[in-house]
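Here's a quick briefing to read alongside the structure. Have a look around first, then work through the topics below.

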Amino acid sequence: MSEPANRVEISGVVTELKALRHTPAGVPVIEFRLRHESERIEAGAKRKVNAEIEAVAFEAQARLLAAGTLGKMLKAEGFLCAKSRQSRKPVLHVTNIEFLEGS
């Protein structure tokens, strides 16, 4: 049996960027919001798609984001995980960031 799928790839603009901090183990971490806008075909019709998603990045990806990326367009890859034990709200855990040209 294969492992259940949990992979997300999304592009968008960084609309909120919290301060870089460190976990108790000393790992750099940063929380941010990503706004996505596009058009997709659904049920045979063109649909405007927009969403904002909470995200978190660790180590090298966190340091990249902390270098002043507010308002920048990027592509983020990662997986979804519950925000905390108390909140089951999904948060994108970013494992790879690619800044998109012209942003």
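Leaving aside its neighbours within four places in sequence, which residues is Val13 in contact with? The answer is Arg33, Leu34, Arg35, Gly71, Lys72 and Met73. Keep in mind that you're looking at a predicted model. The chain comes to 1 helix and 6 strands, and from the N terminus on they run β-β-β-β-α-β-β.

**The chain as a whole**

- Along its principal axes, the C-alpha trace spans about 50 × 40 × 25 Å.
- The chain has 103 residues, and buried ones make up 30% of them.
- Take the contacts between residues at least 6 apart in sequence: 53% of these join residues at least 24 apart.

- You'll find Val13 in strand S1.
- Val13 and Lys75 are 62 residues apart along the chain, yet their C-alpha atoms are separated by 8.9 Å.
- Leu34, one of the residues Val13 touches, has a list of its own once neighbours within four places are set aside: Ile10, Gly12, Val13, Val14, Thr15, Ala51, Glu52, Ile53, Leu74 and Ala76.

**The nonpolar core**

- The largest nonpolar core has 16 residues, and Phe32, Leu34, Leu65, Leu74, Leu92 and Val94 are those with the most contacts inside it.
- At least two residues of this core come from each of strand S1 (8-17), S3, S4, helix H1 (59-66), S5 and S6.

**Helix H1**

- Which residues of H1 are buried? They are Gln61, Ala62 and Leu65.
- Seen down the axis of H1, these buried residues fall within an arc of 100 degrees, so they line one face of the helix.

**Positive phi angles**

- Glu59 lies in helix H1, and its phi is near 50 degrees, a positive value in a residue other than glycine.
- Glu59 counts as partly exposed because its relative accessible area is 46%, between the 20% and 50% cut-offs.
- Ala43 isn't a glycine either, but has a positive phi of about 55 degrees.
- Look for Ala43 in the loop between S3 and S4.
- With a relative accessible area of 84%, Ala43 is exposed.
- Gly68 follows H1 and has a positive phi too, near 75 degrees.

**The largest pocket**

- The largest pocket has a volume of about 240 Å³.
- It is lined by 15 residues, and the closest to its centre are Glu31, Glu54, Ala55, Lys83 and Val91.
- Strand S3 (28-42), strand S4 (45-58), strand S5 (73-82) and strand S6 (90-99) are the elements that give two or more residues to this lining.
- Which element gives the most to the lining? S4 does, with 4 residues.
- By class, the lining has 7 nonpolar, 1 polar and 7 charged residues.

- Is His93 buried or exposed? At 18% relative accessibility it counts as buried, because the cut-off for buried is under 20%.
- His93 is found in strand S6.
- Not counting residues up to four places away in sequence, His93 touches Val56, Phe58, Glu77, Gly78, Phe79 and Cys81.
- His22 is 71 residues from His93 along the chain, and their C-alpha atoms are separated by 16 Å.
- Ala82 sits in strand S5, 11 residues from His93 in sequence and 9.7 Å away, C-alpha to C-alpha.
- Ala82 is partly exposed, with a relative accessible area of 21%.
- Beyond residues up to four places away in sequence, Ala82 touches Ser87, Arg88 and Lys89.

Conventions
Residues are numbered from 1 along each chain as its sequence is written. This is a predicted model: local features need pLDDT of at least 70, side-chain atom pairs count only at pLDDT 80 or more; totals for chains, interfaces and linings use all residues. Side-chain values use heavy atoms; hydrogens and water are left out. On a 1 Å grid over the protein atoms alone, a cavity is a set of points where a 1.4 Å probe fits but cannot get out, and a pocket is an open set with protein on both sides within 12 Å along at least five of seven lines; lining residues have an atom within 4 Å of a point. Grid points are joined across faces, edges and corners, and a volume is the space filled by probe spheres set on the points. Ala, Val, Leu, Ile, Met, Phe, Trp, Tyr, Cys and Pro count as nonpolar, Asp, Glu, Lys and Arg as charged, and the others, Gly among them, as polar. A nonpolar core is a set of buried Ala, Val, Leu, Ile, Met, Phe, Trp, Tyr and Cys residues joined through side-chain atoms within 4.5 Å. Buried means under 20% relative accessible area, exposed over 50%, partly exposed in between (1.4 Å probe, protein chains only). Contact means heavy atoms within 4.5 Å. The arc is that of the directions from the helix axis to the C-beta atoms.
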